[in-house]
Amino acid sequence: MASFTARKNKVGKVVSYQIKVSQGRDRLTGKQLTPYTTTYTPPEGWSKKAVERDLIRCMGEFEAACNRGEILTKEEQKAAAIQEMEEQKRQQEEQRKKPTFNEYVEIFLHEKAATLSATTVHSYRQSLKPPAAVFGDLKMESIDFLMVKQFITDLQTGKGRKKPLKHGTIVTYYTTLHTLFESAVENEVIKENPMQRMKKPKARKDEIKVEALSYDVEEITYIQGCLDNEPPKWKAIVSLLIDTGCRRGELSGLKWGEIDLKSGVVNICRNVQYSKEKGVYITTPKSHQSRVIVLTPQALRILKEWKQRQTLEFFGRGVSVNGFCFTDENGGLLNPNTITWYVRDFGKRYNLPGLHPHTFRHSHASIAIRNGIDPVTVSKKLGHCNPSVTLNIYSHANEEAQRKEAEQMEQILYRNTNKKAN
């Protein structure tokens, strides 16, 4: 049954009434259960009788609502509020596990930044921009096979573009997307990679496959002759690019202490890279492993000449190079992009269009394999993670090497047979 208690102010005037509806006692403990309560505040200017009538009406309605289970005690309200907060947290957590494509791209890149170089992470970000323009606001779980397939097809046909993208660029987008979805499966954001059964895009029939630029022995000899006209530092850098097949960043990170100037043995254990966010910085070689290579006597001689010149140029000015073989003019880390810019300019001056530091890497590997050097040895020198990578990249050179080997084997195996035939 409902009851009320008047609440008065300091001067004894009734300002409100607390209405209570008893819940009785607990059947097991016999303790009085917390009653339902509400507050009734009479309107200003009402007469005492009018207030009493309205109070009785309010009490009746409140008691009826309590009997229907529509009213909660303070403890029940508190418990309900806690439950509501927990439900909100649960829903937020569920939403966190169901990010949009754009949201998961940031999660993916953050994870990659922990193990990959800033340059590689930047490449991932650039490769994910086109798919982000299509899938950006969609939930990861809603992106299916047909949607991704359509995206790849549009790249191949050039839909919405002036012309179709190059096959290599499309494969890059395909591979990056595949890696992103695999990461989402691993993080339990999606149950299955929508690209799991999607085949790698094939080149269009009208697209001509362009082999990576490389030079033969005669062309390399011409380049070496041109280097006699170049500054000693750049003569040494380009000579090492030709001689070792090293990456440009590996030469930027090379120190004198890692070179045995007597035997020509070099330990490649450092790589210099550049990104807009970090500037020029040091990291590990691409394979995350150091490797030992041996210089030819000619390359070693040029390197020794540069060491003497470096001493005169830098130490004579009181500038420290911190043990690095090649630096900028102030003794700081040599930005690998500087090597690229120099090599391109060198190519223009000596009629070698399209020349890039990597051209010397391709040339070194191609010449070595064509001339019968073991692909495993070439792979280790280049710092490839597996000889199969070397053979896949330089399959054209490997075919030539096998053809030469077949000719030699014919002379060995069928020499007597050929004599009898004659």
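A search of the whole structure finds 9 aromatic pairs, where rings of Phe, Tyr and Trp (its six-membered ring) pair if their centres lie within 6.5 Å, and planes under 30 degrees apart count as stacked, over 60 as edge-to-face and the rest as tilted. This is a predicted model, in which local features need pLDDT of at least 70 and side-chain atom pairs count only at pLDDT 80 or more, while totals for chains, interfaces and linings use all residues. Residues are numbered from 1 along each chain as its sequence is written, and side-chain values use heavy atoms, with hydrogens and water left out.

**Aromatic rings**

- Trp 306 and Phe 326 form a stacked pair, with 6.5 Å from centre to centre and 10° between the planes.
- This pair links distant parts of the chain, since Trp 306 belongs to helix H11 (residues 297-313) and Phe 326, 20 residues away, to the loop between H11 and helix H12 (336-349); helices (H or I, at least four residues) and strands (E, at least two) are DSSP runs, numbered from the N terminus.
- Trp 306 and Phe 326 are both buried, a word that means under 20% relative accessible area, with exposed meaning over 50% and partly exposed in between (1.4 Å probe, protein chains only).
- The rings of Phe 346 and Tyr 350 have centres 4.8 Å apart and planes at 45°, so this pair is tilted, and both Phe 346 and Tyr 350 are buried.
- Ring pairs also join Trp 234, Tyr 342, Phe 346 and Tyr 350 into a cluster.

**Charges over rings**

- The charged end of Lys 255 sits over the ring of Phe 324, at 4.7 Å from its centre, where sitting over a ring requires NZ of Lys or CZ of Arg within 6 Å of the ring centre and within 35 degrees of the ring normal.
- The charged end of Lys 278 sits over the ring of Tyr 281, at 4.1 Å from its centre.

**The cavity**

- The structure holds 1 cavity of 30 Å³ or more, a cavity being a set of points, on a 1 Å grid over the protein atoms alone, where a 1.4 Å probe fits but cannot get out, and lining residues having an atom within 4 Å of a point.
- About 30 Å³ of space lies in the largest cavity, where grid points are joined across faces, edges and corners and the volume is the space filled by probe spheres set on the points.
- Among the residues that line the largest cavity are Leu 240, Thr 244, Cys 246, Val 266, Ile 268 and Leu 303.
- Helix H9 (232-244) and strand E4 (265-268) are the elements that give two or more residues to this lining.
- The lining divides into 10 nonpolar residues, 1 polar and no charged, with Ala, Val, Leu, Ile, Met, Phe, Trp, Tyr, Cys and Pro counted as nonpolar, Asp, Glu, Lys and Arg as charged, and the others, Gly among them, as polar.

**Cysteines**

- The structure holds 0 disulfides, a disulfide being a pair of cysteine sulfur atoms within 2.5 Å.
- Cys 246 counts as buried at 2% relative accessibility, whereas Cys 269 is partly exposed, with a relative accessible area of 30%.

**Two asparagines**

- Asn 322, in the loop between H11 and H12, has a positive phi of about 55° although it is not a glycine, and Asn 322 is exposed, with a relative accessible area of 52%.
- Asn 351, in the loop between H12 and helix H13 (357-370), has a positive phi of about 55° although it is not a glycine, and Asn 351 counts as exposed at 66% relative accessibility.

Methods
On a 1 Å grid over the protein atoms alone, a cavity is a set of points where a 1.4 Å probe fits but cannot get out, and a pocket is an open set with protein on both sides within 12 Å along at least five of seven lines; lining residues have an atom within 4 Å of a point.
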